[in-house]
Amino acid sequence: MSWRALLCLLALLFTLPALAVEPSEVLPDPALEARAREIGRALRCVVCQNQAIDDSSAEVARDMRRAVRERLTAGDSDADVFAFMVARYGDYVLLKPPFKAGTLVLWLGAPLLLLVAGAALLLAARRRRHTPIVAPKPLDEEERRRLDALLKG
């Protein structure tokens, strides 16, 4: 495969997420469209999970993109649009949720779980270090005969 073909393939891969926004949704004002795209990349599709509404082809993502564009066309600021979407879908709709009491589990859950797992591994390693290693008892005659029989055949 030549370098040009590889570059074309990579360029196509980077354009795939942009295909979710349909041409009929694009606003005629490039500045408003740029703002809508930026907002769309910061809002989570409530169906697809961890996918921005600009990248999602789900029906609800299309409705959310349409709502964003309607709010921007009506003259709302970006903050107003985010507030509207949060009021409608909750903090879950934000790909970067705010740090507040209701989202503490989102922000601190994974680091706390990592700390607890690390502490458990450390305790298990310490406990194992202080446990004396006991040599296995030698095989008796019956066990030795069975082992020989297994090894022979």
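Visitor: What share of the residues counts as buried?
Guide: Of the 153 residues of the protein chain, 22% count as buried. The cut-off is under 20% relative accessible area.

Visitor: Why is R69 called buried?
Guide: Its relative accessibility is 5%. Buried means under 20%. R69 therefore counts as buried.

Visitor: Where does R69 lie, and which residues does R69 touch?
Guide: R69 lies in helix α3, residues 59-73. Leaving aside residues up to four places away in sequence, R69 touches V21, E25, V26, L27, E33, A36 and R37.

Visitor: What makes up the secondary structure of the protein chain?
Guide: There are 6 helices and 0 strands. From the N terminus on, the order is α-α-α-α-α-α.

Visitor: What makes a set of residues a nonpolar core?
Guide: The residues must be buried and nonpolar, from a list that includes Leu, Ile, Val and Met, and joined through side-chain atoms within 4.5 Å. The largest such core here has 16 residues. Those with the most contacts inside it are L43, I53, V68, L72 and M85. Helices α2 (30-42), α3 and α4 each supply at least two residues of this core. Helix α3 gives the most, with 4 residues.

Visitor: Which residues does L72 touch?
Guide: Not counting residues up to four places away in sequence, L72 touches L32, R35, A36, I39, D78 and V81.

Visitor: How do you know that the charged end of R71 sits over the ring of F84?
Guide: The distance cut-off is 6 Å from the ring centre, and the charge must also be within 35 degrees of the ring normal. The charged end of R71 is 4.4 Å from the centre of the F84 ring. That pair counts as a charge over a ring. R44 lies over the face of Y92, at 4.8 Å from the ring centre.

Visitor: How many aromatic pairs are there?
Guide: The count comes to 1 aromatic pair. To pair, ring centres must lie within 6.5 Å.

Visitor: Which element has the lowest mean pLDDT, and which the highest?
Guide: Helix α1, residues 3-15, has the lowest, at 62. Helix α4, residues 78-89, has the highest, at 95. The protein chain averages 87, and 89% of the residues score at least 70.

Visitor: Why does a low pLDDT matter to a reader?
Guide: Where pLDDT is low, the predicted coordinates should not be read in detail.

Key
Residues are numbered from 1 along each chain as its sequence is written. This is a predicted model: local features need pLDDT of at least 70, side-chain atom pairs count only at pLDDT 80 or more; totals for chains, interfaces and linings use all residues. Side-chain values use heavy atoms; hydrogens and water are left out. Buried means under 20% relative accessible area, exposed over 50%, partly exposed in between (1.4 Å probe, protein chains only). Contact means heavy atoms within 4.5 Å. Rings of Phe, Tyr and Trp (its six-membered ring) pair if their centres lie within 6.5 Å; planes under 30 degrees apart count as stacked, over 60 as edge-to-face and the rest as tilted. pLDDT is the predictor's confidence in each residue, from 0 to 100.
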